[in-house]
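Thanks for coming, everyone. Let me put the model on the screen, and then we'll walk through it.

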Amino acid sequence: MAGVDQFYGDDNFSEPIEIGFPFTFYGIDYDSMYIDVNGEILLAENTFYQPYPSDGWGSDGFIFNYVYPIPGFEAVPALIAPYWDDLEAIEGTGDVYYQTLGESPNRYCVVQWHKLRFHAGDNETDSLDFEVILHENGEIVMQYNNVATGQSNSNVPHDYGQSATVAIQNEAATMGLCYLQEVVENNTYMGVEPLGNILQDNLAIKFTTGADTQPPYITHEEVGNTFNSNVEFTTTITDMSELESANLHYNLGNGWEIISFSAFTEPNIYTFSLDNLASGTTVEYYFSAEDILGNSSVLPETAPEDTYSFQVLPNAGNSVLLCYPGSMDYNNTELPLYEEVLADLDISYDKYDWQEYAEFELPHTYEAIIVYANTGSNSPELQLLSQELMNYMDAGSEEEPNNVLFVSDNFASAQHGQPNSSPRKKLLTAYFRTSYIATGLGGGTNGLGGPDCYDYEEGSIMAIDDSPIGTSGIEYDVYANSPDCLFEKDACPAWYEDEVINPEIPSHNAFVFEDGPINGQAYLYHGVCATWIDNLIYKGFYFSFDFSQLDEYEDRKMFLEEALVWFDIINVENDPAEELPNNKVIMSQNYPNPFNPTTSIEFSLPHSSKVELAIYNLKGQVVKTLVNRNLKAGKHIVNWNGKDNTGNQVSSGVYFYKLHTAHANIT
């Protein structure tokens with residue numbers, strides 16, 4: 001093997017092999033390649049290749065691909081695949097050869113897979129024989145001498161490329177050509193497409209560049225809101241021809257301006273810079289590029305009608321910052337729920353992705369920060385966030401305390417076992433003054449369903465005395481899979497005493513686990529799942545569920561609203577009863593009516609009260625209990641999805657609803 005004195009003929013990438021000349025592939029010059037026994041070449045650095053003699057160097061190849069589209073599969077950058085399948089070379093019989101021939105400018109490099117077999121099933125012969133030729137002018141020729149071994153007794157057929165990928169794609173996996181690919185649906189082999197391209201002996205396939213009539217291909221990851229006044233924009237621009245121009249178009253509110261790139265990094269990365277941006281500035285931008293043949297493009301493709309945009313934070317007048325994890329919340333599950341409630345509460349706020357930038361400093365001008373983390377993984381971003389939250393809390397004063405609401409179903413357990421120097425551990429134990437104890441010692445990673453439960457379970461949590469959020473003794477429905485069990489601390493841990501302000505102030509419990517799947521109770525029945533602290537210079541509330549795991553919208557709204565009341569963001573001096581005529585409970589007609597599949601019931605309370613709202617059938621039987629808890633004064637909207645208490649859809653017919661409070665019964 002090239003550069004190695006051992007033979008490994010199964011799932012093995014070669015050491016980097018010199019091509020012998022600059023080979024231009026999708027506008028980028030490559031000098032070397034990684035050859036896989038499995039019938040493909042990667043021209044770019046990749047995550048599969050393991051250098052000899054490191055662990056795994058002899059089994060770093062990549063067997064056949066039947067899941068990902070080509071182009072589009074980023075794991076195989078700068079791919080050339082003449083016969084990508086699960087192949088094997090038997091020592092003494094088969095091998096992979098390479099040689100560069102010819103003279104400049106007509107040199108060519110030949111890579112030949114000779115007398116290989118399929119790894120799966122039985123092979124009558126070791127007779128696979130095919131090659132790829134890389135020409136100095138950028139052309140690629142794939143030639144096939146023998147494409148079958150008589151293979152049998154495997155789950156899918158392999159002869160004639162029936163389980164192979166024959167394709168090329170660029171380094172960014174954004175452009176490519178797929179000649180042949182296996183199709184699998186629901187784990188069932190369906191064949192290949194297109195069927196007419198099945199491989200045959202003595203076949204040759206030629207990929208040629210031809211005349212360049214294609215516009216430059218621009219890719220860019222959109223810039224998010226930032227605290228930095230100097231911002232860099234990075235793009236990749238791929239073109240078969242030399243670029244004439246690459247520009248950034250931007251609008252700071254006074255019309256469009258244009259600048260060229262400030263830096264270039266091989267092979268095709270362009271950097272643009274905007275400096276001295278003022279806080280509160282909204283930046284709209286897009287890119288344009290043109291090659292020397294006059295082919296041009298913009299990104300976004302519909303620019304300038306559609307553009308990218310971001311804000312330089314903080315915005316004047318916004319006292320709340322919502323910190324979200326852009327990549328951690330990859331399904332965008334949590335963020336819209338926060339945005340919905342904050343919009344309904346009419347809160348003006350800034351929004352920041354704490355995972356986007358490697359470095360940042362949280363401004364201390366915000367009165368409150370709402371922050372969440374879907375997991376508590378030990379990442380540099382989460383460590384930085386923890387440190388910045390501590391800096392923010394330290395910057396508060398008794399006259400103007402800084403306040404933090406931290407929501408995460410895994411942060412507490414994930415910091416357990418970290419050294420005391422870990423910012424994550426210090427934030428939880430020294431600032432929130434909250435601890436986590438492992439399963440078997442009175443705590444655990446799933447206070448709802450237990451340590452052996454990995455599924456989502458229904459249950460409830462209950463607010464307890466003196467909690468600034470929720471009503472004591474009232475249960476709130478949850479649907480979750482891993483809420484941590486927490487423990488309050490009567491003071492800051494001794495090893496942090498000299499590093500924090502007011503170390504003697506304790507934390508307090510706020511919510512406990514109540515109902516759950518263990519005989520109707522949570523696994524850690526009355527174990528704590530939320531804590532709070534008033535440190536005088538800051539207020540902190542830690543909640544060990546994800547926001548989405550609060551089942552009901554009204555509960556999520558209550559949660560944020562009462563947190564912001566506690567933080568003095570929302571003023572509750574005015575009595576909502578004054579806005580209600582005659583100080584009465586008011587209930588409106590449901591809408592729509594008739595309905596399918598949901599309807600909304602609206603009512604207003606003159607005072608805080610225990611409220612029961614239920615749906616009844618014509619026999620007077622309770623069909624669905626919608627509300628059974630304390631609610632604050634004001635307007636409330638409750639939705640019914642037409643299902644009963646068992647979760648079954650009710651039949652068509654006439655139903656009525658009854659509202660019962662301490663002062664009224666309305667049907």
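Predicted model: local features only at pLDDT ≥ 70, side-chain atom pairs only at ≥ 80, totals over all residues.

Now the surface. Look for Y66, V67 and Y68. Together they make a nonpolar patch of about 300 Å². V67 sits in the loop between strand 3 (40–42) and strand 4 (79–84). Is V67 buried or exposed? Its relative accessible area is 56%, so V67 counts as exposed.

Strand 21 gives the largest share, 3 residues.

On to charges. Side chains of opposite charge can pair when their charged atoms come close. How many salt bridges does the structure hold? There are 5. I'll show you some of them.

Start with R117 and D126. Their side chains meet at 2.4 Å, N to O. R117 is partly exposed, at 24% relative accessibility. D126 is buried, at 17%.

Now E139 and K206. The closest N and O atoms of this salt bridge are 3.5 Å apart. E139 lies in the loop between strand 8 (128–135) and strand 9 (140–146), and K206 lies in strand 13 (residues 204–207), so this pair ties together parts that are 67 residues apart in sequence. E139 is buried, with a relative accessible area of 17%. K206 is exposed, at 53%.

Last pair: E499 and K426. Here the closest N and O atoms of the salt bridge are 2.6 Å apart. Why does this pair tie together parts that are 73 residues apart in sequence? Because E499 lies in the loop between strand 30 (486–488) and strand 31 (508–513), while K426 lies in helix 4 (residues 423–431). E499 is partly exposed, with a relative accessible area of 45%. K426 is buried, at 16%.

That's my tour. Over to you.

Methods:
Residues numbered from 1 in each chain as written. Heavy atoms only, no water. Patch = residues over 30% accessible without salt bridge, like charges linked within 9 Å, V, L, I, M, F, W, Y side chains within 5 Å. Areas by Shrake-Rupley, 256 points an atom, 1.4 Å probe, with all protein chains shown as cover. Salt bridge = Lys/Arg side-chain N within 4 Å of Asp/Glu carboxyl O. Helix = DSSP H or I, 4+ residues; strand = E, 2+ residues; numbered from the N terminus. Buried < 20%, exposed > 50% of the residue type's maximum accessible area, 1.4 Å probe, protein only.
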